[in-house]
Amino acid sequence: MSAESENEKTDPTAGSSGESAPFRVRPYHHPAAGWGAAKSVGRVLAREGEFLDGPRGIMRMNHEGRGFDCPGCAWPDDLKGLHLDICENGIKHVTWEMTHKRVGRDFFAAHTVGELSRWSDAALEDQGRLTEPMRYDPDTDRYVPISWPDAFDLVGRALRELDDPDQAAFYTSGRLGNEATFLYQLLARELGTNNLPDCSNMCHEASGRALQASLGTGKGTVDLKDWEVTDALFVMGVNAASNAPRMLTSLVEAYKRGAQIVHINPLIEAAARRAIIPHEFLAMASFRSTPTSTLNLQPRIGGDMALLRGMAKVVLDEARTDPKALDTEFIERHTSGFAEYRALCEATSWEEIEHQSGVARADIRKAALVYCEADRSIFSWCLGVTQHDHGVDTAREIVNLLLLRGNLGREGAGPSPVRGHSNVQGNRTCGIDHRPTGEFLDRLAAVCEIDPPRRHGLDTVGTIEAMHRGDVLVFVGMGGNFALAAPDTPYTFAALQKCRLTVHVSTKLNRSHLVHGRDALILPCFGRTEKDQQRAGVQATSVEDSMSMVHLSIGMKRPASPHLLSEPAIVAGIARAALPDSATPWERYVEDYDRIRDTMSHVLDGFEDFNRRVRLPLGFRIRQPARELVFDTPSGRAEFSTATLPDVVPAEDRLVLCTMRSHDQWNTTIYSDNDRYRGVKNLRTLIFMNADDMRERGIGKFDDVDITSIARDGSTRSLHGYTAIPYDVPRGSAAGYMPEMNVLCAIGDYSTQSDQPLMKNVRITVRAAS
């Protein structure tokens with residue numbers, strides 16, 4: 001290969017348009033954010049033609065008062081009320097929603113579902129905003145217009161005709177506001193089912209279960225003020241520059257004040273090197289970047305728990321000569337199980353820790369000493385920790401480490417999971433839970449005067465399996481792109497196609513609309529940026545960020561079509577049709593969302609006086625008892641866990657695959673085939689591999705390869721003709737993009753601890769393409 005072409009190759013399958021395009025792979029050495037982000041934003045605004053509304057939206061997004069909440073990630077709003085509390089990905093998401101392109105009846109008349117099914121996912125979403133309700137017509141293989149009353153009647157009739165309410169499932173993505181969320185779960189439970197799968201089942205279920213078991217709360221205990229004063233930050237399993245870009249501001253500020261920042265991730269991402277914050281005008285003008293880490297560790301995929309156990313082992317060893325290494329007073333007063341945990345750490349050999357983590361003892365000791373020397377520490381983590389069979393145990397090991405030094409219940413310290421979509425945490429808080437507590441159901445029954453079911457419902461994996469068996473016949477998806485987000489893509493497609501009816505509430509066309517049941521509806525709704533005009537005036541919805549702050553979001557733009565309805569109105573329309581004798585005041589709720597919030601204030605813990613408190617500057621923070629050292633656990637104390645280390649080392653001929661987003665992507669929405677921070681352009685059908693692993697298999701740079709996953713039950717799934725890219729990942733580890741690689745994750749390969757699909761722990765073989 002010539003010097004000129006050694007980093008380029010033509011891939012006939014690359015490019016979101018489906019046309020041939022040369023891809024390029026070059027190391028990215030620039031700071032995260034900065035001018036790269038600014039140029040990207042400029043291109044996005046130009047591409048969408050949003051030269052007026054785009055900048056207006058940027059000035060209103062995440063802005064206290066009359067602004068709307070970013071529909072992207074769940075990072076908290078700036079505590080100073082910063083006007084430019086924005087990021088590249090948030091602007092992409094907003095302009096994607098604000099586009100002038102429209103998908104109406106003429107579009108569907110011109111294209112059959114069979115034809116659209118051959119389009120790329122990027123091309124589907126690029127067509128623009130949905131404008132009116134549509135129903136699938138099997139005779140013409142097209143979607144055709146349907147009125148809202150007829151659409152509601154169709155869904156209501158399908159739900160009423162079920163032999164058992166559990167034959168329906170109500171899925172929720174993270175973009176649904178709190179008020180619509182509350183009505184949605186009320187609809188399901190008044191109907192008689194707890195089948196409320198949601199995106200948390202695929203993302204942070206492990207975090208919630210771990211924190212509940214250890215601390216008696218399913219959420220992190222820190223807030224943004226804690227990030228501003230902590231002495232050490234440990235950031236695990238997250239690519240912050242793409243998944244929570246506004247975290248970069250906190251990392252830069254932490255470094256400037258002298259805090260230690262340790263990144264733990266199999267890939268050293270751009271956010272773990274340096275950054276320029278775009279609203280820091282002097283830094284932008286001078287191209288002056290700031291480091292965002294003081295130490296980077298690269299465990300093998302799944303090796304985080306062993307690394308944490310090694311850190312704990314160092315802390316306990318240091319305590320032999322330095323009593324201050326352990327907070328013995330905190331341990332004695334507020335924890336249970338310390339003696340057993342200490343014995344477990346002492347019994348775990350360094351040989352096992354190094355073998356399972358893939359990190360040398362000396363490097364683990366460096367991180368542990370950072371922890372020992374810091375008065376206050378925060379551990380933050382994302383899906384790199386949770387999407388494993390042992391995700392709950394790993395998150396609990398984080399808590400173990402925090403408890404050793406009393407890093408809980410005080411400023412600047414504690415656990416801080418990084419939630420993904422903007423209101424995914426609010427969804428769970430407001431009742432989207434297939435395993436609701438008895439206390440919640442008791443309050444819901446008393447306040448709403450219904451008789452909610454007490455049996456647990458189905459989560460995401462359970463719902464897919466039930467649809468496949470024919471046990472769930474009606475599927476309602478509130479936002480998201482379920483068909484692509486879920487594991488085992490062909491199996492999930494087949495499951496949806498076995499339904500009597502599939503209903504998707506959406507803003508744009510996506511794959512889930514084309515993988516439909518015997519009958520199917522597309523119901524278009526307002527976007528987060530749009531004005532929600534109801535009888536009582538323009539309505540605000542509330543959202544909860546990843547640090548338990550609840551605040552209002554108010555749209556600024558005229559809706560994309562006069563035929564759109566708000567999500568609360570759609571839920572209420574379905575509810576009235578499905579439950580014609582319901583005493584719930586569905587119509588009154590839609591007229592004025594304050595009425596929904598008044599009801600919520602009597603049902604939900606921490607939402608007392610909801611309407612007043614949510615209008616305070618920056619909203620309000622939901623009380624976290626564990627932050628006050630009140631633990632709702634069997635012992636009434638914080639619980640040390642004593643799980644043994646899992647064996648995460650792959651067999652000799654196998655690798656462990658981690659699926660992830662590219663930078664130019666949000667969940668299943670793909671803006672382009674580029675991944676700037678990893679140096680990739682015009683290519684998504686790739687696999688990042690360790691160079692030694694490639695040589696061992698006779699695979700050269702940019703060679704085509706076949707990837708085969710081996711499920712627990714011995715079944716296999718394959719992808720062919722992917723491009724092998726040498727990358728700085730630990731031996732035995734590999735990475736590639738979701739949703740394309742979701743096909744490799746078998747439906748039966750889910751965590752026995754959290755029931756999450758093992759999206760970041762897929763056992764594979766890689767061979768040169770045959």
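Student: What is the mean pLDDT of the chain?
Tutor: This is a predicted model, so local features need pLDDT of at least 70 and side-chain atom pairs count only at pLDDT 80 or more, while totals for chains, interfaces and linings use all residues. Residues are numbered from 1 along each chain as its sequence is written, and side-chain values use heavy atoms, leaving out hydrogens and water. pLDDT is the predictor's confidence in each residue, from 0 to 100. Here 91% of the residues reach 70 or more, and the chain mean is 91.

Student: How many contacts beyond four places in sequence does the model have for residues 10-19?
Tutor: A contact means heavy atoms within 4.5 Å. Over residues 1-6 pLDDT stays under 50, with 3 contacts beyond four places in sequence. pLDDT also stays under 50 over residues 10-19, and there the number of such contacts is 22.

Student: At what angle do α14 and α17 pack?
Tutor: Helices (H or I, at least four residues) and strands (E, at least two) are DSSP runs, numbered from the N terminus. Axes are lines fitted to C-alpha atoms, for helices over the stretch in contact, and angles run from 0 to 180 degrees between N-to-C directions. α14 covers residues 304-318 and α17 covers 350-357. Their axes are 8 Å apart, at an angle of about 145°.

Student: Why does T348 count as buried, and which residues does T348 touch?
Tutor: T348 lies in the loop between α16 (338-347) and α17. Buried means under 20% relative accessible area, exposed over 50%, partly exposed in between (1.4 Å probe, protein chains only). T348 is buried because its relative accessibility is 5%. Not counting residues up to four places away in sequence, T348 touches R309, K313, I353 and L645.

Student: Which residue's side-chain oxygen reaches the backbone nitrogen of V461?
Tutor: A polar contact is a pair of N or O atoms within 3.5 Å; within protein, one must be able to donate a hydrogen and the other to accept it, and residues adjacent in sequence count only if both atoms are side-chain atoms. This one sits at the start of α23. The oxygen comes to within 3.4 Å and belongs to D459.

Student: What is the phi of the glycine that follows α12?
Tutor: α12 runs over residues 247-256, with 7 of its 10 residues buried. Those are M247, L248, T249, S250, L251, V252 and A254. G258 follows the helix, and its phi is positive, near 95°.

Student: Is T230 buried or exposed, and which residue's backbone oxygen lies 3.3 Å from its side chain?
Tutor: T230 is in the loop between α10 (224-229) and β9 (232-236). T230 counts as buried because its relative accessibility is 1%. Leaving aside neighbours within four places in sequence, its contacts are R257, A259, R376, S377, I378 and G412. A polar atom of the T230 side chain lies 3.3 Å from the backbone oxygen of A232.

Student: What is the relative accessible area of D488?
Tutor: D488 is in the loop between α24 and α25. Its phi is positive, about 50°, although D488 is not a glycine. D488 is buried because its relative accessible area is 4%.

Student: Why does L618 count as partly exposed?
Tutor: L618 is in the loop between α29 (610-613) and β24. Its phi is positive, about 70°, although L618 is not a glycine. L618 counts as partly exposed because its relative accessibility is 25%.

Student: What is the omega of the peptide bond from M738 to P739?
Tutor: P739 is in the loop between β33 (733-737) and β34 (762-768). The bond is cis, with omega near 5°.
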